Amino acid sequence: MTLPPEVLFHRYFQELGPLERGKYRGKHDLKGLEPFAPLLVGIQEALNEGLNEEHEAPQHINCRPFYFDYVDSTVQNARAFRYGGYSFVGITIPLVYGLWNSCHLLSRSQLIAAALCVRLEGEERDGLRTVLFRTMLSFLVLHEYTHHVHGHLDPRGSEPVFLDEILDFDQPGDLEQQALEVDADGYAVYLVLNNLILGSARSSALIFLKLDAEPESVQDEVLFSCFVVAVGACLYVRPPAVVNSTKIYTLTHPPQAERMNRLMQQAMRWCQQVRVDLVTWMTLPRFQRLMTTAAEATLGESGGINWAAQTAFLMSRDGREYARMLDGVYQAYVQSLSADAKPEA
């Protein structure tokens, strides 16, 4: 008898070693999270249905069936792993609350309202919070999903293999691992923007933001700005990593400012293909204003300072050399994807 995916999802965590079991208890029962549960269930159902039906690109690993669920845990983390014939993504409940708290702060910020060109009164605040939360959670799940379909995890392996999104700062990493995270970010951007601006998430987002009667160009600008704010704030659920010319090569993920720069490069490539007007509209000053405001709204006044410190390092000679080396590793990885692409039938 084939076990349901939610049972296998729970069993994976039950079979972890003692140290891991202290952090991850298994599938979380959402019944205790009312009235929050319907929103989480809705996001879960939409992602599980959509990703199992996504068109399989030539370079994708066939890793269906896919299943996403929530983890009863003591830590903030997102995890991709293979177990029992399924490709799983788990988002811990502490991370869910961390995202929700960030969205609450953003939706109460008049500076954010001004930057997004929306009103934040009554229901509009709740609407903005919901749109940002859906975007954040979708981005994280799609990032982990990319680890599966781009072969960052071996779907043929007999052992349960996993990748984590949020780790302790002393976890060792290297440029090869950072390049995989860049790749996962880039494909997640493509999927999120497709859904938010072109797909099924657009109509509900416009209703939540009370923009359904506005011109399409205005709608696109606000939705794209919401994407920038949501993803930026998502990266800052954890405090900004402090970097220097040595430590930056040992991180598991690029520092947040570098990740956001590369995320925006991918977002602008997406715009060039389907929404070219957004390319000239999202100027560098507008982007910087959105990011600084989001950092300060979620992290306090020091948020913008820490972001600026990362940016200053990345603009230095050591920072430019790091970016050059990361580019080299990433481009080599992209070429390997093309070489491994499935032949057409």
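## The E3–E4 hairpin

Strands E3 and E4 (residues 86-92) run antiparallel and are joined by six bridges. Within this pairing, Tyr83 has Tyr86 of E4 as its bridge partner. Two residues lie between the strands of the hairpin, and Gly84 adopts a positive phi near 60° there. These features are taken from a predicted model.

Strand E3 spans residues 78-83 and is mostly covered, with six of its six residues buried. Ala78, Ala80 and Arg82 point one way from the strand, whereas Arg79, Phe81 and Tyr83 point the other way. Residues on both sides of E3 are buried, and these include Arg79 and Arg82.

## Arg202 in helix H8

Arg202 belongs to helix H8, which covers residues 201-208. With a relative accessible area of 12%, Arg202 falls under the 20% cut-off and therefore counts as buried.

The side chain of Arg202 forms a polar contact with the side chain of Gln219 at 2.9 Å. Beyond residues up to four places away in sequence, Arg202 touches Asn195, Leu196 and Ile197, as well as Glu216, Gln219, Asp220, Leu223 and Arg275.

## The chain as a whole

The chain contains 14 helices and five strands. It has 345 residues, of which 53% count as buried.

Among contacts between residues at least 6 apart in sequence, 72% join residues at least 24 apart.

Notes:
Residues numbered from 1 in each chain as written. Predicted model: local features only at pLDDT ≥ 70, side-chain atom pairs only at ≥ 80, totals over all residues. Heavy atoms only, no water. Helix = DSSP H or I, 4+ residues; strand = E, 2+ residues; numbered from the N terminus. Buried < 20%, exposed > 50% of the residue type's maximum accessible area, 1.4 Å probe, protein only. Contact = heavy atoms within 4.5 Å. Pairing = 2+ DSSP bridges. Polar contact = N/O pair within 3.5 Å; in protein donor to acceptor, adjacent residues only side chain to side chain.
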